[in-house]
Structure formats: structure tokens, C-alpha cells
Amino acid sequence: MKTTSSSKVIGIERYRAATENQTDSLDITHLALQLQQTIELTPLLQAFCHETARLIPCDSVRYKNENRLLNYQTGETKVHRCRYQLELENELLGEIECTRAKPFSIIETDLMERLLSLLIYPLRNALLYQKAVAEAHRDPLTQISNRAAFDEALDREICSFKRHLTGFSLMVIDIDHFKNINDTYGHIVGDSVLKAVAQKIRNTVRRSDEVFRYGGEEFVVLLSNTELDGAKFIAERIRRAIKQVTINSNKNISVTASVGISSANNLKDVSDTLYHADKALYQAKDEGRDRVVVRP
Ligand SMILES: Nc1nc2c(ncn2[C@@H]2O[C@H](COP(=O)(O)OP(=O)(O)OP(=O)(O)O)[C@@H](O)[C@H]2O)c(=O)[nH]1
């Protein structure tokens, strides 16, 4: 473990005496047990930050991992910092920083290092687990979420609707005559079209809206807290954006898509929202494609 610390170093004798007095090995054992109880990153960090702030009085504890875009913090940042970079077998696992209004002593940084040595292996396992879960939910071709992720997201949304009546809309988007694109230009170009359309949809909706590849040339957009009118407006914007898709290898490929939309509007029918959106999509195909059809 490589560490860097900005805390001040005080005399070694004082450090030893205070370590013996203050370090409660029961607390350390308790933390070690807690860290072994979860493989999930957030509960692991919660347990670590909570125990650290209890054993080393501080105002904030933060875990940051820039490579993985992770930033977890408890408390409010103060001026004095004690920061450690965590590295295991040449792999950077992130950075832990504690802050408070007065400087940290060597006793405390020593304790901090002991706590971090308990964290480092569970943290590596939690990061590996988080990566594996993310990959299981990602479509390898388009790099957007896959159908397994959609099934879970829809379940969450339906539960939330049943408990709090928070409405949502679903949009099913299907590329028109995609078979012709494959047959005319080949599957590699077909794959490029799928990637370009996925990116176009992703860039046309808000970050909080979720975009999934449902399968083949079909995508689903899940719009939380969005009524049918709002969903229709966004669907039109997506439909127009898809018409602008260009593929480097052949700028003449014309891409259009049909869109079916439905909204959750009553408790009885909420589980059928996808079924209604799919029906709307078939209607859009029947009516000539390159259009949006809404079913309440
Ligand atoms: N290149 C590529 N093609 C795929 C992929 N997944 C599914 N397809 C193709 O998508 C095509 C879907 O064809 P159809 O279901 O007939 O639909 P369509 O041609 O888009 O016609 P409409 O939906 O009625 O407008 C098939 O040719 C599949 O082989 C993929 O990952 N890559």
C-alpha cells in the first residue's frame, strides 16, 4: 500500500504512549468484521467512513477513484487533511482523505494506516465485483445498458409507482428496415449503425433518463417522472436526431426509426406499460414507419 499523508509528525515517544492508550483493538476487530460483511462498494465505504470518523475524530472522510468516476463523502471538508493513495499490486484503488479543523497527529495517522490496511483487500474485491456487475448490465456492442439492466430498472420503476405513484413513461425505438441495411452494406456497417443510433439516443435525452438496447435493432428509453406529453416531445426529438445519423464508411445510408410510447397511469395497468409501448411501436410500423405513436 502506497500512502501519502499531509499530517504533521510528532515525537516518537509520545506517539507510542498515546497509541497504547488510545487504540482499542476491539474497535479494530469490529471494523475488520464489518468490512468482511459486504462485497458491495457503497456499504463497505459507509462502514469504513463511519468507523474511521469514530476512531479518529474528523469532520469528513472521502473516498475518490477518478478512473472509476467514484466519489463518496461523509461530512463537511475542513482545512487540515490526512490523505492516502491506495495501491495494491500496482493497481490504483483510489484515495482516502480525512479532514478536520485541527492538524492530525502521528498517533492518528498511524491508526489511519492500520485501518486502511483492513480496508484495502475488501475494497479491491468490492471494486472487482462492481465492475463485474456493470459489465453484466452493459451491451458489449453499443456500450449502453442491456436488457437485463432494463428488466431491473423497470421493476424498480413499477415498485416506485405502486408505492408513491411516481409516474413514468416508456419509449420503444426500432430502426426501420434494418435488415436491408445489413443485407445491402454488410453486418459490420449494420453494427456501426447500431452504435451510432445508440449514441444519438443517449445524447438526445437527459443523463437521468435511462437508455437500453433491448435486443437486435430495438432500444428502450425509460423516463422517470415523465408524463405522456413530455415523452412524446422527447420521442419526436429522438426520431429527428436518428435521421441525422451518418456512418463514416457510407454517408448515403439513410436511417429512420419508429417509436412507440406508453405511460404508467393506473395501478392496475402499470405492469403492462411495456406491452402498450410495444403495441404502439407496431402501429407506427403499420402506419408507414419513421413516426411516433402514443398509447395511453
Ligand atoms: N449488424 C447487426 N444486425 C443485427 C444485430 N441484431 C439483430 N440484427 C439484425 O436486425 C435485423 C432485424 O430485421 P427485422 O426484424 O426484419 O426488422 P427490420 O428489417 O428492421 O424491419 P422493420 O422493423 O419492420 O422496419 C435482422 O436482419 C437481424 O439479423 C446486431 O447486433 N448487428
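Reader: What makes strand S7 mostly covered?

Author: Five of the seven residues of S7 are buried, and a residue is called buried if 20 or more other C-beta atoms, placed from the backbone, lie within 10 Å of its own, exposed if 12 or fewer do, and partly exposed in between. The model is a predicted one, in which local features need pLDDT of at least 70 and side-chain atom pairs count only at pLDDT 80 or more, whereas totals for chains, interfaces and linings use all residues. Residues are numbered from 1 along each chain as its sequence is written.

Reader: Why is Glu91 called exposed?

Author: Glu91 has 11 C-beta neighbours inside 10 Å, so it counts as exposed. Glu91 lies in strand S4, where a strand is a DSSP run of E with at least two residues and a helix is a run of H or I with at least four, both numbered from the N terminus.

Reader: How do you know that S5 is covered on both faces?

Author: In a regular strand the side chains alternate between the two faces of the sheet. In S5, Phe168, Leu170, Val172 and Asp174 on one side are buried, and so are Ser169, Met171, Ile173 and Ile175 on the other. Eight of the eight residues of S5 are buried.

Reader: Why do S5 and S7 count as paired strands?

Author: Two strands pair if DSSP finds at least two bridges between them, and seven bridges join S5 to S7 (residues 218-224), so the two qualify as a pair, running antiparallel. Within this pair Phe168 stands opposite Ser224, and Val172 stands opposite Val220. S5 is also joined to strand S8 (residues 257-263) by seven bridges, again antiparallel, with Leu170 opposite Ser262.

Reader: Which residue takes a positive phi in the hairpin of S6 and S7?

Author: Gly216 does, with a phi near 45°, in a hairpin that has two residues between the strands. Strand S6 (residues 210-215) and S7 pair in the antiparallel sense over five bridges, and the bridge partner of Arg213 in S7 is Phe219.

Reader: Why are S2 and S3 called edge strands?

Author: Four strands form an open sheet in the order S2-S1-S4-S3, with antiparallel pairing. Strand S2 (70-75) and strand S3 (80-88) are its edges, each pairing on one side only. Six bridges join strand S1 (residues 60-65) to S2, where the partner of Ser60 is Gly75.

Reader: How do you know that the chain has a domain 1 and a domain 2?

Author: The bounds come from an automatic or database domain assignment, which gives domain 1 (8-137) and domain 2 (147-294). Taken over C-alpha atoms, the centres of domain 1 and domain 2 are separated by 43 Å.
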